[in-house]
Amino acid sequence: MLDRTTTLFSHVKPGETEFIRGGLRDFFLYRDLGIAAATHGKVIAHLVKANLPPDGGTGWHIHEADFQIVIMTKGWAKFMYEDQVTLVEAGDVVHQRPGIRHYLFDYSPDMEYLEIVSPADFKSVPVDPVCEIPAPTPWTEP
């Protein structure tokens, strides 16, 4: 059968792309998985990992996106989704519905997750606080 899609085949192996700074949050590192290029910006998939302690977190925001999931691959993170604390641990999958107000306020030093969002150039928009945020867990030296 002839392929009539406009997307490209993509296969990214570990080590072919590096974790880099310059993503949405300066306290995380991001590893591009080639999906935004392969889908011509329809979808982005990247690995995100902790780089610095959660001092201040992400702030209250929404994403202007049609679809977003987070798959926690290592460690844990605590989010506020509206007024509910949600612990997301390795193996958990979260679908963040469009427009949900949220705040990532705490995470482990080994936290790493796969994030898949459509479109690839989604926006993060600050919103008014929903409620008070619990204090993050301090990182300790090994």
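**Legends: the chain and His61**

**View 1. Charges of the chain.** The chain carries 12 positive and 20 negative charges, and their mean positions lie 7 Å apart. Lys and Arg count as positive, Asp and Glu as negative; His and the chain ends are left out. Each charge is placed at NZ of Lys, CZ of Arg, CG of Asp or CD of Glu. This is a predicted model: local features need pLDDT of at least 70, side-chain atom pairs count only at pLDDT 80 or more, and totals for chains, interfaces and linings use all residues. Residues are numbered from 1 along each chain as its sequence is written, and side-chain values use heavy atoms, without hydrogens and water.

View 2. The chain has one helix and ten strands (DSSP runs: helices H or I, at least four residues; strands E, at least two; numbered from the N terminus). Their order is β-α-β-β-β-β-β-β-β-β-β. His61 sits in strand 3, residues 61–64.

**View 3. Burial of His61.** His61 is buried, at 4% relative accessible area (buried means under 20%, with a 1.4 Å probe and protein chains only). Buried residues make up 38% of the 142 residues in the chain.

**View 4. Partners of His61.** The His61 side chain makes a polar contact with the side chain of His102 at 3.0 Å. Another joins the His61 and Arg25 side chains at 3.2 Å. A polar contact is a pair of N or O atoms within 3.5 Å; within protein, one must be able to donate a hydrogen and the other to accept it, and residues adjacent in sequence count only if both atoms are side-chain atoms. Not counting residues up to four places away in sequence, His61 also touches residues including Ile100, Ser124 and Pro126 (contact: heavy atoms within 4.5 Å).

Notes:
Buried means under 20% relative accessible area, exposed over 50%, partly exposed in between (1.4 Å probe, protein chains only).
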